[in-house]
Structures are given as C-alpha cells and as structure tokens.
Amino acid sequence: MSIQSIGIAGAGIIGRLVALELRQQGHQVTIFEQDSIGSPPSRCELAASNQSMPIATSSACSYSAAGMLTPYSEADTAEPLVFQLGVASLGLWHHIVEQLGREVWYRKGGTLVVAHSQDRADFDHFYNLVRANIASTAELVTPIKQAEVTDLEPELGPRFSQALHMQKEAWLCACCTMAALFQRLIAQGVSWYSSTSVVEVNPYQIMIQTPAGLQSHCFDWVVDTRGLGAIKQQPNLRGVRGEILWLRAPEVNINRLIRLMHPRYRIYIVPRRENLYLIGATQIESEDRGPISVRSSLELLSAAYSVHPGFGEAQIVYSDVNLRPALPNNQPQVIYKPGLLRVNGLFRHGYLISPAIAQEVFKMIGAQGDYQSPYQDLFHHQSLEEASAQ
Ligand SMILES: Cc1cc2nc3c(=O)[nH]c(=O)nc-3n(C[C@H](O)[C@H](O)[C@H](O)COP(=O)(O)OP(=O)(O)OC[C@H]3O[C@@H](n4cnc5c(N)ncnc54)[C@H](O)[C@@H]3O)c2cc1C
C-alpha cells in the first residue's frame with residue numbers, strides 16, 4: 001500500500017474517526033477545523049464535579065450527542081443501511097475505546113424499552129416493526145416480564161410489567177470521546193489546523209481562509225466531513241433540531257439505557273457518571289439554534305418523571321440544542337470522485353455508524369476508488385454533470 005497524503009475538512013466524530021483509521025494505516029493526515037481547540041472541557045466531567053457548565057463554544061453536533069450505540073432500538077425507523085452500519089460499528093467501538101483508554105466513559109449494559117400499560121399498543125407496534133426490520137437477528141431483542149425487569153433494573157420493576165431487552169447495545173460519553181480522539185490523533189502525528197475556516201473542498205484541494213486571503217492546500221485525497229458546514233457545496237443538506245436535558249438525580253438509580261414508548265413523547269434516558277442522566281431528545285424540522293423551548297422541556301421532563309418519580313427531585317444542570325446534519329432521505333452518504341470523498345448526512349446516528357463508515361472510506365482510498373463496498377447504498381459516484389451543476 002502506498003502512503004498517501006490526506007486532507008480532512010471538519011473534525012466532528014466522523015472526521016476524527018476517518019483520521020484515526022487513515023493514520024493507523026500509515027497515511028499522512030492533516031485536519032482543518034474551525035473550532036479554536038480540539039478538546040473543549042468535557043461537559044460530563046464539569047457536570048459530575050458540580051462545576052458550572054460552559055455555554056456551547058462549538059457548533060459541532062458531535063458534542064451534543066447522547067452517545068447511544070443502539071442499532072436495535074432504532075430499527076423501527078432507521079433504514080437497513082443504518083442498521084447494518086450500526087451493528088458493524090458496535091463491535092468496532094469496543095476496539096476504539098480500548099485504544100483510547102480509560103478516560104472514555106463507555107458502558108455495554110444494553111437497553112430496556114418500556115411503556116406504560118395504557119400505551120401497550122405503541123409498545124406492540126414498535127416490537128413488530130423492529131422484528132420485521134431485523135428479521136435475522138431478532139433474537140437479540142428479547143421480550144421480558146416484570147420479574148426480569150426487576151432483576152435488571154430494580155427501581156423500574158414495580159412500574160413496568162414488561163419490556164424489550166436489547167442486550168448488545170452500548171453507549172459512551174460523546175464529549176470525552178471527542179477529547180480522547182483529539183489527544184490520540186495529536187500523539188500519532190496528525191497535523192491539526194485549529195481556528196481554520198475551510199471555504200471550499202475540491203478534488204485534491206482544500207481552500208482555507210487566512211488573514212492574508214485564500215490559501216490552497218493540496219493532497220492525494222481530501223475528505224469533506226464538515227457536517228452542516230458543507231451546505232454551500234451540498235445544498236441538499238438540512239439541519240434537524242435536537243434538544244436534550246442533563247439532570248442530576250441522586251434519587252434515581254438506573255444502570256441501563258431506557259427508552260419509553262409513548263404515543264406523543266418518546267424519550268430516552270442515558271445514565272452517565274455521578275447520578276447524571278441525559279433525557280432526550282426532540283427531533284424538530286427547524287434550523288433554529290435558540291435555547292430549548294418550554295414545551296420541549298415539559299415533554300422531556302414529564303416523560304422522564306413518569307418513568308421514575310425520583311426525577312421530580314432532580315436538578316437540571318444543562319440543556320443543549322444542536323442541528324443534526326441530514327440529507328433528504330435521512331441516510332448517510334459518501335459522495336465519491338477521484339481525489340475527493342464527501343461524507344455527510346449522519347443525521348441522528350453519527351456515533352452509531354461512524355466507525356464502519358470510516359473503515360469504508362479507508363478501503364476506498366486504499367483501492368484508489370476501485371472498491372465495491374458491501375454497503376451498496378452508502379457510496380454515490382458523482383457524475384461529471386452532477387459535479388458541474390454544483
Ligand atoms: C441532541 C442530540 C442527540 C444525539 N444523540 C445521538 C446518539 O445518541 N447517538 C448517535 O449516534 N448520534 C446522536 N446524535 C447525532 C450525532 O450527534 C450526529 O450524527 C453527529 O454528531 C454528526 O457528526 P459529523 O461529524 O457529521 O458533524 P459535526 O459533529 O457537526 O462535525 C462537523 C465539524 O466540521 C467543522 N466545520 C464545519 N464547517 C467548517 C468549516 N467551514 N471549516 C472548518 N471546519 C468546519 C465543525 O466545527 C465540526 O467540528 C445526536 C444529535 C443531537 C443533536
């Protein structure tokens with residue numbers, strides 16, 4: 001394999017994992033990122049140690065994610081491509097986290113999907129959809145009764161007479177992972193241009209803005225991973241608003257991911273360290289980055305309270321709002337042409353699917369574009385007409 005020089009525009013979760021994969025295979029990697037630092041203070045650590053939380057300093061969606069790696073419990077709505085990438089990535093995350101070391105907060109406890117008795121129809125509908133969509137691995141989604149719910153989560157047993165257990169699912173702290181990836185990439189010799197605004201990404205070339213004017217950097221390959229920041233060159237991108245709340249709840253003791261099926265307010269509860277729980281998330285067709293609305297707060301909090309009354313005494317330590325980068329079909333896509341890969345549209349699954357996508361990007365570059373991916377719908381080979389229409 002020949003060593004290639006690779007330029008990467010944008011260092012969200014996919015940019016960092018692509019850089020890690022390529023650097024580990026020996027390529028020379030340069031990252032251009034508009035944020036001033038590669039690893040702002042971890043919100044998780046600040047919140048756990050009772051320090052005040054910063055106002056968001058980055059527009060990167062990857063800092064706002066709940067970090068759930070949950071292909072099975074997303075399988076009611078996610079496309080087969082997302083499910084396949086998600087299952088492959090679950091295994092890959094174990095290795096990545098091992099390499100990154102103990103500063104990444106990572107748990108493999110699985111998910112419990114629950115519903116209140118009056119919402120039984122929603123629960124059954126969800127289970128039927130999941131079973132239909134993941135037929136060959138349906139045994140990894142196990143219906144359990146109240147006694148088993150109590151064994152797994154003693155504080156939830158009295159409230160839920162049944163649940164679905166997705167035992168293979170995992171989750172991690174997004175901000176710790178972003179920080180650990182930054183440290184790892186720097187230690188491995190990746191060149192990192194921070195506070196650098198990329199103006200255009202073209203085959204073999206990344207154009208950046210400098211005080212002296214535009215500057216061109218040339219590479220054997222460039223990878224555009226700017227998320228929503230790529231919208232000028234990918235006008236079919238859109239942002240989908242997501243709101244999430246961070247609670248400190250000493251009266252709650254839950255150790256697994258919880259998803260509540262509900263006719264109107266479906267929520268998830270993500271346990272983090274020191275009695276912290278993330279309650280999320282809304283999905284609203286809006287590109288407004290303004291603070292969380294009263295309505296969203298009420299819905300998230302009342303649903304969480306209905307799962308466990310201990311949330312009534314919780315403190316709200318942080319609320320976060322960000323825009324998920326999405327394409328019209330809500331699926332990820334890698335646009336390919338010689339010298340350029342544009343990886344985008346990770347929507348609500350960036351953590352779930354990025355490790356497998358990063359491997360595919362590496363294989364495509366290694367084969368100089370002559371690679372048949374097993375994920376047929378992932379790559380889109382851009383024609384000359386499409387390219388010139390942009
Ligand atoms: C509330 C919420 C909860 C979520 N929970 C989950 C979850 O549990 N699991 C999951 O898998 N996904 C989750 N997601 C989705 C996930 O966060 C996204 O899919 C993912 O972060 C997208 O990553 P990205 O790297 O494509 O984009 P981004 O994270 O947005 O990264 C793009 C990077 O490019 C940089 N950039 C942009 N423009 C420029 C420019 N011109 N020059 C230089 N740099 C530039 C940005 O600063 C940024 O660092 C959640 C999202 C939200 C909002």
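**View 1. The two domains.** The C-alpha centres of domain 1 and domain 2 lie 30 Å apart. Domain 1 consists of 5–45 + 175–236 + 328–389, and domain 2 of 47–60 + 109–167 + 238–325; these bounds come from an automatic or database domain assignment. The model is predicted: local features need pLDDT of at least 70 and side-chain atom pairs count only at pLDDT 80 or more, while totals for chains, interfaces and linings use all residues. Residue numbers start from 1 along each chain as its sequence is written.

**View 2. The shell around the ligand.** Both domain 1 and domain 2 give residues to this shell, so the ligand lies between them. Of the 41 residues around the ligand, Gly10, Gly12, Gly227, Gly229 and Gly350 come nearest; a residue is near a molecule if its C-beta atom, placed from the backbone, lies within 6 Å of it. At least two residues of the shell are supplied by each of α1 (13–24), β14 (238–248), β18 (315–326) and α8 (350–366). Helices (H or I, at least four residues) and strands (E, at least two) are DSSP runs, numbered from the N terminus. By class, the shell has 18 nonpolar, 18 polar and 5 charged residues. Ala, Val, Leu, Ile, Met, Phe, Trp, Tyr, Cys and Pro count as nonpolar, Asp, Glu, Lys and Arg as charged, and the others, Gly among them, as polar.

View 3. β19 (residues 333–337) pairs with β21 in the parallel sense over 3 bridges; strands pair if DSSP finds at least two bridges between them. Ile335 has His380 in β21 as its bridge partner.

**View 4. Leu156 in its loop.** Leu156 is found in the loop between α5 (146–152) and β7 (162–166). Leu156 is buried, with 22 other C-beta atoms within 10 Å; buried means 20 or more such atoms, exposed 12 or fewer, and partly exposed in between, with C-beta atoms placed from the backbone. Not counting residues up to four places away in sequence, Leu156 touches Val114, Val149, Ile254 and His308, where contact means C-beta atoms, placed from the backbone, within 7 Å.

Notes
Contact = placed C-beta atoms within 7 Å.
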